[in-house]
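Morning, everyone. Today I'll go through the pockets. Here is the model.

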Amino acid sequence: MERRLPPVAPEIASLVPYKPGKPIEELERELGISGAIKLASNENPLGPSPKAVEAMAQALGGLHRYPDGAGYVLRAALAQRYGLPQEQIVLGNGSNEIIEFLCRAFIRPGDQALAAAPSFLMYSKLVQVAGGRLKEVPLKDFRLDLAALQEAIEPRTRLVFLNNPDNPAGTAFSGQELQAFLDQTPPGVLVVLDEAYIDFAGDPAVAQGPEFLGHATPLVVMRTFSKSYGLAGLRIGFALAPLEVAGLLHRVRQPFNTSILAQVAGAAALADEEFLQKSRELVWQGLQDFYACFERLGLSYVPSQANFVLVRIGPRAGEVAEELLRRGIIVRKMGSYQLPEHLRISVGLPQENQRFIRQLTAILEG
Ligand SMILES: Cc1ncc(COP(=O)(O)O)c(C=O)c1O
């Protein structure tokens with residue numbers, strides 16, 4: 001029997017689902033192994049912030065209640081951190097959900113958004129769901145080409161996604177460059193600065209979005225607890241936005257979009273400076289170890305301001321990734337990012353990084 005469905009919008013029917021990094025458990029089931037490691041999803045290998053875990057443990061007894069729909073505790077903590085009124089802060093079920101709110105609020109069928117190519121895949125998917133089209137501007141030397149992005153703005157451009165530091169390249173632009181970009185942006189365009197990896201940027205010149213919220217060009221800064229605070233599994237991110245934009249994002253969100261646990265954990269994590277610093281130092285050391293390995297192997301790589309690095313393996317990149325998988329190491333293939341000769345490696349624990357380095361060396365030199 002053929003079931004007849006209501007008509008499906010072509011932009012939904014043609015959507016290619018996002019393919020996340022393979023979960024460790026899935027690989028272990030497939031290969032019948034244990035002790036696999038994942039260096040594929042830019043997670044924090046230290047685990048969650050201990051202060052966040054403690055706060056969640058204390059909140060467990062209150063889970064029969066709905067969360068505070070206004071997210072008071074976390075928004076108050078963020079307001080204090082960034083020196084903004086709470087009304088300018090919007091919480092999301094991960095910063096992914098903020099991207100969805102932005103598309104829902106600002107993209108109508110036929111509208112356009114801009115982003116670099118390659119860039120984080122969720123921009124194009126969520127713009128497409130809203131009936132819009134993502135116009136892509138190639139990276140230049142693995143950096144966002146801000147001048148070309150500026151030139152690509154058209155009358156139907158509503159959103160410009162700037163990912164800084166950039167996923168998957170790991171490069172970052174400076175505060176001066178952001179200032180120039182905002183100065184030139186025509187009215188009617190909202191600039192979205194995705195700072196998912198900003199806490200790992202070691203270079204003090206890298207733009208810090210919150211400093212630019214007062215600019216005449218409307219700017220939304222997105223940040224997340226998934227990376228530097230180790231809370232990817234909890235799903236909590238946030239946007240700092242001009243008052244009128246925040247008001248619109250609040251209108252399109254569900255009343256209880258972030259959970260009780262996510263709210264208390266976020267607030268506790270924000271105060272966990274020690275964990276943040278430990279995470280940053282781990283990443284910086286891990287990157288140095290990766291760079292040394294790549295140099296030894298004669299591989300080119302893109303120096304990173306994030307917690308991952310893009311390395312050029314060559315035409316065998318896919319094969320090398322498969323061989324690493326067989327050896328229990330999950331890394332990210334870059335075919336879906338139009339970089340089939342590259343792999344993206346997230347920094348893990350020191351022993352995980354060393355295991356990757358040993359196995360990569362064995363595969364390439366073996
Ligand atoms: C550039 C970028 N933005 C946003 C996200 C989404 O993060 P989350 O939804 O976990 O906050 C990611 C996750 O990998 C990312 O790489």
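The largest pocket has 27 lining residues, and Tyr18, Ser41, Asn96, Phe120 and Lys227 sit nearest its centre. Two elements give two or more residues each to that lining: α5 (95–106) and α6 (122–129). Helices here are DSSP runs of H or I, at least four residues, strands are E runs of at least two, and both are numbered from the N terminus.

A word on the source. This is a predicted model: local features need pLDDT of at least 70, side-chain atom pairs count only at pLDDT 80 or more, and totals for chains, interfaces and linings use all residues. Numbering starts from 1 along each chain as its sequence is written, and side-chain values use heavy atoms, without hydrogens or water.

Now, what counts as a pocket? On a 1 Å grid over the protein atoms alone, with a 1.4 Å probe, a pocket is an open set of points with protein on both sides within 12 Å along at least five of seven lines; lining residues have an atom within 4 Å of a point.

Back to the largest pocket. Its volume is about 550 Å³, volume being the space filled by probe spheres set on the points. By class, the lining splits into 10 nonpolar, 10 polar and seven charged residues. Nonpolar means Ala, Val, Leu, Ile, Met, Phe, Trp, Tyr, Cys and Pro; charged means Asp, Glu, Lys and Arg; the others, Gly among them, are polar.

Next, the second largest pocket, at about 380 Å³. Lining it are 17 residues, with Lys19, Pro20, Lys22, Arg332 and Lys333 closest to its centre. β11 (329–333) gives the largest share, four residues.
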